[in-house]
Amino acid sequence: MRGHAFCWFSLLTVLLMAGEPPARGYGNQRDTVHFDLYRDYLIVVRGSAGPLKGLNFLLDTGASPTVLDRRVAEKLHLEQLPASIAVVGGSVEAAQATAPILEVGPARRDNFHVLIEDLSFFQKALPVRIDAVVGLDLLGQGAFEIDYTARQIRFGPVPLLANSLPLRLQAGLPIVEAQVNHLSAHLMVDTGASSLVLFEPSAPRPMRVSEVRPTPGTIGEFDRKQVWLPSLKLGEAEFGKEPAFLVRSRSDGAQDFDGLMSPAALGITKLAIDLGRGLLTFSR
């Protein structure tokens with residue numbers, strides 16, 4: 001999945017669109033939504049778009065804004081306007097539109113601005129068709145918890161898990177501060193990523209990585225090198241030696257973070273995001 005999607009979704013740096021309607025919180029009630037987990041990290045949950053029910057939405061906190069499949073947009077008869085998306089490798093021509101309603105469990109947005117793209121490429125890697133890639137612009141209206149073991153998303157007040165650290169939202173993307181090889185790095189929390197990724201040349205220096213070797217092929221359009229990081233720390237949680245990819249960034253500094261943090265790749269079993277309190281908590 002990370003081939004085409006890695007470039008277009010998790011590395012999007014998108015101009016914020018004006019006129020977003022105010023988001024609604026989830027209140028004090030806890031609502032639970034079940035999801036399917038593919039490849040041990042890809043979260044697919046049922047949702048709806050307007051009158052269309054039972055759609056497959058990929059939950060990707062590294063996507064901003066939410067992306068709706070072109071086929072679904074045509075069924076909804078949405079008016080599509082041209083849009084140019086700035087990405088790490090340059091720009092991508094897409095479309096934008098306003099969806100009347102988009103829902104996942106209690107998370108609902110009316111007159112919701114989305115990008116429109118052909119998402120059929122996901123079928124090369126997944127046994128289901130993906131109808132939308134939804135990010136925190138839809139799900140982050142209130143606190144929620146992802147339980148990878150139970151395969152549930154719990155909306156509403158979240159308990160403090162074993163580890164916690166500050167989280168900030170930047171251009172719709174969740175950013176945390178980590179210690180990579182004892183040096184500070186800003187990582188985007190990306191549930192759609194299969195591994196830890198660090199960008200060159202913005203990754204902390206000196207890297208002092210071990211067992212570096214070139215990896216054939218690319219991630220999306222990006223050359224990569226597989227490395228072992230001697231140390232990684234999130235808040236007070238020490239992860240020790242972790243595998244990662246070094247990716248040459250060609251964004252000319254468009255993204256203001258140093259890499260991607262995949263919760264599933266780090267063995268995180270529960271992850272809670274509370275944008276209201278600016279907090280990320282997790283257990284493993």
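Predicted model: local features only at pLDDT ≥ 70, side-chain atom pairs only at ≥ 80, totals over all residues.
**Entry 1: the cores**
I looked up the largest nonpolar core and found 58 residues in it. L68, L102, L139, L234 and L280 have the most contacts inside this core. As background, nonpolar side chains tend to be buried together in soluble globular proteins.

**Entry 2: L102 and S48**
I listed the contacts of L102, leaving aside neighbours within four places in sequence. The list includes S48, A49, F57, T66, L68 and L138. I followed S48 next. S48 sits in strand β3, which covers residues 42-49. Is S48 buried or exposed? I count S48 as buried because its relative accessible area is 8%, and the cut-off for buried is under 20%. Beyond four places in sequence, S48 is in contact with K53, L55, F57, I101, L102 and E103.

**Entry 3: the rings**
How many aromatic pairs does the structure hold? I found four. I picked out the pair of F199 and F257, which is tilted. Their centres are 5.9 Å apart, with 50° between the planes. The pair links distant parts of the chain, 58 residues apart. F199 is in strand β16 (residues 197-200), and F257 is in the loop between β21 (242-248) and β22 (259-261). Both F199 and F257 are buried.

Last, I checked a charge over a ring. R284 lies over the face of F239, at 4.1 Å from the ring centre.

Note on methods. Residues numbered from 1 in each chain as written. Heavy atoms only, no water. Core = buried A, V, L, I, M, F, W, Y, C linked by side-chain atoms within 4.5 Å. Buried < 20%, exposed > 50% of the residue type's maximum accessible area, 1.4 Å probe, protein only. Contact = heavy atoms within 4.5 Å. Helix = DSSP H or I, 4+ residues; strand = E, 2+ residues; numbered from the N terminus. Phe/Tyr/Trp six-rings, centres within 6.5 Å; stacked < 30°, edge-to-face > 60°. Lys NZ or Arg CZ within 6 Å of the ring centre and 35° of its normal.
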